[in-house]
Number of protein chains: 2
Amino acid sequence: MNFLGRLQHAWQHQRSMLCVGLDPDLTKFPRPLQALAARDPLAAIERFCLGIMEATAAYACAFKPQIAYFASSRAESVLERLAQACRDHYPHHVWILDAKRGDIGSTAEHYAKEAFDRYLADAVTVSPYMGTDSLSPYLSYESRGIFVLCRTSNPGGDDFQMRPSPQQPLYVEVAQQAAQRWNHHQQVGLVVGATYPREVEAVRHAAPDLPLLIPGIGAQGGDLVATVKAGRNANGGMLINSSRAILYASAGDDWQVRAAAIAKITRDDINAVNA
Amino acid sequence: MNFLGRLQHAWQHQRSMLCVGLDPDLTKFPRPLQALAARDPLAAIERFCLGIMEATAAYACAFKPQIAYFASSRAESVLERLAQACRDHYPHHVWILDAKRGDIGSTAEHYAKEAFDRYLADAVTVSPYMGTDSLSPYLSYESRGIFVLCRTSNPGGDDFQMRPSPQQPLYVEVAQQAAQRWNHHQQVGLVVGATYPREVEAVRHAAPDLPLLIPGIGAQGGDLVATVKAGRNANGGMLINSSRAILYASAGDDWQVRAAAIAKITRDDINAVNA
């Protein structure tokens, strides 16, 4: 099965387009995990992420660990175990490594090996800056996918993505190249921020069939309804990611209950737009 | 001391602009390390990298580990020890983590923590795609540096870096922004491929004072003389990186001797242009 097929199965089986981001930040952990976090940070990261996965799995179709949070805590071994846990316990969910890798030749081959073999990623996020051949090593894993950074909604997102002009911005060209040159085997998606639904529309127009990975809902405050309307397609077409709003929904004993509640609300809000 | 000062000290103390790239590829290790590589890959990676550092330190001013090679082999602990070894044994050398990171906000903070605290990097390579605020978390480490991906010489380098036209390419704008907006504290350099010396000239024109990190000499076949002439400035101005040509100079018992010889020749060739 190719990556798009894998994603479509997840959407349908789970009846959800919600992706739960795993950004384990020790300084924000709920009180019941703080003693463990002080004594054994890796154990706390593992328990926290497993707890979030368990609480939200029913409402999500994907999990997206952000590797920077693991790397800064020397928690690579935890990420490996979470990957295996996802495969064992949530086989219908998609596991996306958020790493935004970008390099060439044999270096990119090693990054692909890290993402797909070591961390069992169904897909990995990558940067387009170095061009087509920097993406090929990932695409040679035929059952896996990449989400290419396209449009980001941070303040500096305009610096280069809008170049040379809002009428012919770089990010639309990235979307076009992704659709026309890279997606021969239904492996390619795009990362598109949710702040400006009109831009999600422009990306959807340039790449009608590509799945979109959309951060910026929840803590980052994007407009959910307008974003879903702009980004959906006949297949479903999008993963709406939420991280902090779910992960840190409560600092108390009810952290899993509250995470589940926010995940359910977000899934339902997305599905209400689709209905 | 700011990063440019650190780099100038390294250039002067070592009388070299050579940076030795550490890309440990187990499949290419010399014969004397192959039995160890089969039995204990991490020990082999450590012995190989330490052996290369020892052999080439006299001729280099910097070492540049490429993190993908460590990550694909679960060798993060080795990279930590190499970082400490560089600090202990080669305190005049600059230690550059080649990671090409690119993300925003708290994620970028965690990547900066990984590079600077965990791997003791004097500088880290980063991608400009997400714009100014994606670089700020690194710049808040005031004694450390970043090398921003600017122009790469791989076949796909033109896909976006030449956009919208060779007369006003993206990579020159990256160089301008780096020089004018990001380099308030002498922390910023640029990664520029060596294949087209005329492009090194264009970058040097856009960013007269920024240090350039130049891969593409040696195995990648760039023109050394033309590149040095195009990229040097009054301070020295460049790090010329060579990885494979030095690392895998010999597959036999003389791998360290040959690595040293190639490093010496490369340093001398660079210095001959400068003389």
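Modeller: In this predicted model, α3(A) passes α13(A) in a right-handed crossing. Helix α3 of chain A covers residues 41-56 and helix α13 of chain A covers residues 255-274. Their axes come within 8 Å and cross at roughly 45°. Angles under 35 degrees count as roughly parallel and those from 65 to 115 as roughly perpendicular; α3(A) and α13(A) are therefore oblique to each other.

The residues that make this contact can be named on each side. From α3(A) they are A:G51, A:I52, A:A55 and A:T56. From α13(A) they are A:Q256, A:A259, A:A260 and A:A263. Sorted by class, the contact of α3(A) with α13(A) holds five nonpolar residues, three polar ones and no charged ones.

Chain B has a crossing that can be described in turn. The axes of α3 (residues 41-56) and α13 (residues 255-274) of chain B come within 8 Å, at a crossing angle of roughly 45°. That angle makes α3(B) oblique to α13(B). The crossing of α3(B) past α13(B) is right-handed. Here α3(B) contributes B:G51, B:I52, B:A55 and B:T56, while α13(B) contributes B:Q256, B:A259, B:A260 and B:A263. The class count for the contact of α3(B) with α13(B) is five nonpolar, three polar and no charged.

Now the strands of chain A. Eight of them form a closed barrel, in the order β1-β2-β3-β4-β5-β6-β7-β8, with parallel pairing. From one strand to the next the twist averages 30°. One of the pairs joins β2 (residues 62-65) to β3 (residues 94-101) of chain A, in the parallel sense and over two bridges. Within chain A, A:F63 stands opposite A:W95 in β3(A).

The two chains also touch each other. Chain B and chain A each bring 43 residues to the contact. On the side of chain B that touches chain A, the elements giving two or more residues are α4 (67-71), α6 (105-118), α8 (158-161) and α9 (170-182) of chain B. The most comes from α6(B), with eight residues. By class, this side of chain B has 13 nonpolar, 17 polar and 13 charged residues.

Last, the confidence scores. Chain A averages a pLDDT of 95, and 98% of its residues score at least 70. The model as a whole scores ipTM 0.97 and pTM 0.97.

Note on methods. Residues numbered from 1 in each chain as written. Chains lettered and ligands numbered in written order. Predicted model: local features only at pLDDT ≥ 70, side-chain atom pairs only at ≥ 80, totals over all residues. Contact = placed C-beta atoms within 7 Å. Helix = DSSP H or I, 4+ residues; strand = E, 2+ residues; numbered from the N terminus. Nonpolar A, V, L, I, M, F, W, Y, C, P; charged D, E, K, R; others polar. Axes fitted to C-alpha atoms, helices over the stretch in contact; angles between N-to-C directions. Parallel < 35°, antiparallel > 145°, perpendicular 65-115°, else oblique. Left-handed = near helix turned anticlockwise from the far one by under 90°. pLDDT = per-residue confidence, 0-100. Pairing = 2+ DSSP bridges.
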